[in-house]
There are 2 protein chains.
Amino acid sequence: MSSLGNRKVLDMRIRIIELVLRCVILGLGILAALRIGTDTQVREIFSFQKKAKFTDMKALVFLVIANGLVACYSLIQGLRCVVSMVRGSVLFSKPLAWVIFSGDQVMAYITVAAIAAAGQSAVFSKLGQPELQWMKICDMYGKFCNQVGEGVVCAFVVSLSMVILSCISAFSLFRLYGANKKNSTSW
Amino acid sequence: MSSLGNRKVLDMRIRIIELVLRCVILGLGILAALRIGTDTQVREIFSFQKKAKFTDMKALVFLVIANGLVACYSLIQGLRCVVSMVRGSVLFSKPLAWVIFSGDQVMAYITVAAIAAAGQSAVFSKLGQPELQWMKICDMYGKFCNQVGEGVVCAFVVSLSMVILSCISAFSLFRLYGANKKNSTSW
């Protein structure tokens, strides 16, 4: 009985942490996508007008899409979280836990890959690559770069939260395959 | 008894899959690091000698280090795997399972981030970025680029294997927190 009580407290705590993280991801994911997606800067160079926008760099497009995707995903998962908290249902079904686990894993790796690619591009933009004669475009488009930087920081927090969430959902799934359960070998 | 037998078979299968994946990572990780790390090409341009090497691009340095690291890590983990297979010990201790889980998670995300950053650089090198006046350096250093490409493919398989391994070690850890166990709330 006491063990069952402990388990309920643990479950509730996990559920709350999960909900908080999903809200963080939802908020920051949208913010990152908006900051980067709406970022433009026009420079006049010898009466030419040159416009920098996020679609100039594929890594930023990937980052915007990834963050939009993960925000939508977190909205759905957050609602699911709220519903199960209101209903007070504690244990998952295995298929549902598998769906959540798989979704979280995929999203975690997508966001990490997106932030790594964008980070790489950001380094090129900021520092250039003199050996390859790639110039520092941030010297030219300062305001554009700063706004992208803000977006990248948000996206970094999103990917970190997603990594933690993927560990939580792994825990929620795999403890259903506990060593003392009879049907623990049914996969 | 039958459940216990099933469990042993499952454990052995998991152990074998784990060992195979760790060997794949060890082999391909070393191969990727060597292919990229030893890659150079000298071009003569107007009697200038220009040399391309992997340190010109930080993402490749990161990829080489990440693959070297994950290869060493896999060697140690593979040995641990073999020892526990020979000894026939089936169940992990929780602290050991936590160490393996944490290590695998960290390595999985590092390799995914490395491959994403290197992939991004590879796209820049292959296609250039005309909007930013970054030129296609692969047109200049064809042989260099092809060898990097081989390394990137190996590294991709490494990161994929590492992702699968991190799921396996999550399973091995969290099922120790099975729903029917008494000490399942002890963290």
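A disulfide is a covalent bond between the sulfur atoms of two cysteines. Keep in mind that this is a predicted model.

**The disulfides**

How many disulfides are there over all chains? The count comes to two. In chain B, the partners are B:Cys138 and B:Cys145. The torsion about their S-S bond is about -85 degrees, so the disulfide of B:Cys138 and B:Cys145 is left-handed. In chain A, A:Cys138 is joined to A:Cys145, and that link is left-handed too, with -85 degrees about the S-S bond.

| Disulfide | S to S distance |
|---|---|
| A:Cys138 to A:Cys145 | 2.0 Å |
| B:Cys138 to B:Cys145 | 2.0 Å |

Are these cysteines buried or exposed? A:Cys138 and A:Cys145 are both buried. Over in chain B, the relative accessible area of B:Cys138 is 10%, so B:Cys138 is buried. B:Cys145 comes out at 15% relative accessibility, and therefore counts as buried; the cut-off for that word is under 20%.

B:Cys81 is another case. Its closest cysteine sulfur belongs to B:Cys23, and because 8.5 Å lies between the two sulfurs, they are too far apart for a bond. With 0% relative accessibility, B:Cys81 counts as buried.

**Where chain B meets chain A**

Now for the interface. On the chain B side 45 residues are in contact with 45 residues of chain A. About 4400 Å² of area is buried between the two chains, and carbon and sulfur atoms give 64% of that. Which three residues supply more than any other three of the area that chain B buries against chain A? They are B:Tyr109, B:Trp134 and B:Phe174, with 16% of that area.

Polar contacts between the chains come to two residue pairs, both at pLDDT 80 or more. Four helices of chain B each supply at least two residues of the side that touches chain A: α1 (2–37), α2 (58–87), α3 (94–127) and α4 (142–174). The largest share of that side, twelve residues, comes from α3(B). Sorted by type, the residues of the side of chain B that touches chain A are 24 nonpolar, 13 polar and eight charged.

**A closer look at one leucine**

Let's finish inside chain B. B:Leu21 lies in helix α1 of chain B, and at 13% relative accessibility B:Leu21 counts as buried. What is B:Leu21 in contact with, leaving aside its neighbours within four places in sequence? The partners are B:Ser161, B:Ile164, B:Leu165 and B:Ile168. B:Ser74 is 53 residues from B:Leu21 in sequence, and their C-alpha atoms are 8.9 Å apart in space.

Key. Residues numbered from 1 in each chain as written. Chains lettered and ligands numbered in written order. Predicted model: local features only at pLDDT ≥ 70, side-chain atom pairs only at ≥ 80, totals over all residues. Heavy atoms only, no water. Disulfide = S-S within 2.5 Å. Buried < 20%, exposed > 50% of the residue type's maximum accessible area, 1.4 Å probe, protein only. Contact = heavy atoms within 4.5 Å. Buried area = accessible area lost by both parts, 1.4 Å probe. Polar contact = N/O pair within 3.5 Å; in protein donor to acceptor, adjacent residues only side chain to side chain. Nonpolar A, V, L, I, M, F, W, Y, C, P; charged D, E, K, R; others polar.
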